[in-house]
Amino acid sequence: MTATVEFPLHTQVREFVSGPLELLIGGRWVPAASGRTFPTYDPATGEKIAEVAHGEAEDVNRAVAAARKAFDEGPWAAMKPNERERLIWRIGDLLSERAEIFGQLEALDNGKSAAIATAVDTGWAADVFRYYAGWATKIEGSTVNVSMPFAPDAQFHAYTLREPVGVCGQIIPWNFPLLMAAWKIAPALAAGNTVVLKPAEQTPLTALLLGKLFEEAGFPPGVVNIVTGFGDAGAALAAHDGVDKVAFTGSTEVGKKIVQAASGNLKKVSLELGGKSPNVVFADADLDLAVPGSVNAWMFNHGQCCVAGTRLYVEDTIFEEFTQAVAQAASQVKIGPGLDPETQLGPMVSQEQFDRVSRYLGEGLADGARALTGGKRWGDTGYFIEPTVFVDVKPEFSIVREEIFGPVVAAMPFNAEAGVAAAANNSEYGLAAGVWTRDVAKAHRTAKELKAGSVWVNQYNGFDTAMPFGGYKQSGWGRELGAAALDLYTQTKSVNIAL
């Protein structure tokens, strides 16, 4: 490892990043067909961590072939549900046992707090695998009492079967690398599918370490395959005729390209895409909760979160007081590398993302927005951005309309009599929303009015594995988590037998 680290790393993390970091195909770790590798960087320093196999279309072909063989011919298809259940549950246990290792590795590669990556990202990933392990034995069909009016004297036995889709191509983002892998892989395996996973090129390390756990747990070869690489590898996976279903989490722009690529064989598609989520604070809210909760809404994971509450709507009678309190709280957070246990706000994931967020800061100021705090980079090393609270903004500003994916919020006042739903819904996205009020009736009414897949009241980022998650409008297709995710990875067969 060539990166200079100021904080101690677990021995297993150091050993892992020392390589080789190859592709998992058909139960074997292999170099890319081309022999090429690419570097992954520590966003806190900009220095290289390791070299990773550079998978391309030929590697995707090999991985899809391995997944197809495991699905069509391997023991996975014949394995009883309770056997799949035990294997999937084992992944959850292994993640829990190595939570610190995964947390440090995620912090090193992504920049997020190692403490949060250990407790939240790894802890929740373990929970996701255990949750879907339980579903493996509970995927059921139904019997149907058919009428068959054109055969009035005949008798029939009719029923449905829920069957796995087949080979699933899964493309995950860089903001929650391990957790998004769990969200995708666990329900797919519970339903009996096989998987080819393509992690983001910026953050491939925890996906590769997760691949080691599938080996250790005893999964048959080819059930889970991992191809690291760039967008061309993802495009090849989305377009591959040997793939029956593609799941993607990422930007809306790329999501549209995934849909086009998948049209060749009309494979099933699910998309979890961008957001520009409204966070609505009424004057009757408990401000002791609403201030830190609203800061968390847009600063969690350094603002690199698809559900981030980056449009802050505050009732006009408390607007000045509330935005000043939010700015004051934001200005006091500890900024630093994720491996520092005191860090609350880490760096952007890459130079590209740092440049993107910096551009939006410049656009906001040029348009006439005023920064109550922040507005520029922090320090002179790494990809750090100051937490920024903008006021004096208008709906047409790019910082209000477009997803920034950084620690930046645009605050706007609203009048309670005029209502807030129209402004909150004035977006091409509809992923999430927050509502802060002591009035239960107002909370229910506003939650119903908001066009968003998740609405959190008197909290933000109120996720649970059992609650379905997904978006309205251009925030995506389908729902992940909960029982709803199984619909993405199964298909229904009707069987009607004349007796």
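**View 1. An open sheet of three strands has the strand order E5-E6-E22 and antiparallel pairing.** Two strands are taken to pair if DSSP finds at least two bridges between them, and the strands themselves (E, at least two residues), like the helices (H or I, at least four residues), are DSSP runs numbered from the N terminus. Strand E5 (143-144) and strand E22 (490-498) each have a single partner strand and stand at the edges, so one side of each is left without a neighbour in the sheet. E5 is joined by two bridges to strand E6 (residues 156-164), and these two strands run antiparallel; within that pairing, Val144 has Ala158 of E6 as its bridge partner. This is a predicted model, in which local features need pLDDT of at least 70 and side-chain atom pairs count only at pLDDT 80 or more, while totals for chains, interfaces and linings use all residues. Residues are numbered from 1 along each chain as its sequence is written, and side-chain values use heavy atoms, with hydrogens and water left out.

**View 2. An open sheet of seven strands shows mixed pairing in the order E14-E15-E16-E13-E12-E18-E19.** Strand E14 (370-373) and strand E19 (454-457) are the edge strands, each of them pairing on one side only. On average, and with direction ignored, neighbouring strands of this sheet are turned by 25° against each other. Strand E12 (residues 278-281) pairs with strand E18 (residues 432-436) in the parallel sense over three bridges, and Asn279 has Gly434 of E18 as its bridge partner.

**View 3. Helix H2 (residues 57-72) packs against helix H9 (residues 231-239) at an angle of about 40°, with their axes 8 Å apart.** That angle makes H2 oblique to H9, given that angles under 35 degrees count as roughly parallel, over 145 as roughly antiparallel, 65 to 115 as roughly perpendicular and the rest as oblique. The axes are lines fitted to C-alpha atoms, for helices over the stretch in contact, and angles run from 0 to 180 degrees between N-to-C directions. H2 passes H9 in a right-handed crossing, the term for a near helix turned clockwise from the far one by less than a right angle, left-handed being the anticlockwise case. Ala57, Val60 and Val64 of H2 make the contact with Ala233, Ala236 and Leu237 of H9, where contact means heavy atoms within 4.5 Å. The residues of this contact divide into six nonpolar, no polar and no charged, with Ala, Val, Leu, Ile, Met, Phe, Trp, Tyr, Cys and Pro counted as nonpolar, Asp, Glu, Lys and Arg as charged, and the others, Gly among them, as polar.

**View 4. Helix H5 (residues 99-110) and helix H6 (residues 114-135) cross at roughly 120°, and their axes come within 7 Å.** That makes H5 oblique to H6, and H5 passes H6 in a right-handed crossing. The contact residues include Phe102, Gln104 and Glu106 of H5 and Thr118 and Asp121 of H6. By class, the contact of H5 with H6 has five nonpolar, four polar and three charged residues.

**View 5. A cis peptide bond, with omega about 0°, joins Gly19 and Pro20.** Pro20 has its place in the loop between helix H1 (11-17) and strand E1 (23-25).

**View 6. Phe405 has a positive phi of about 65° although it is not a glycine.** Phe405 is placed in the loop between helix H14 (398-401) and strand E16 (408-414).
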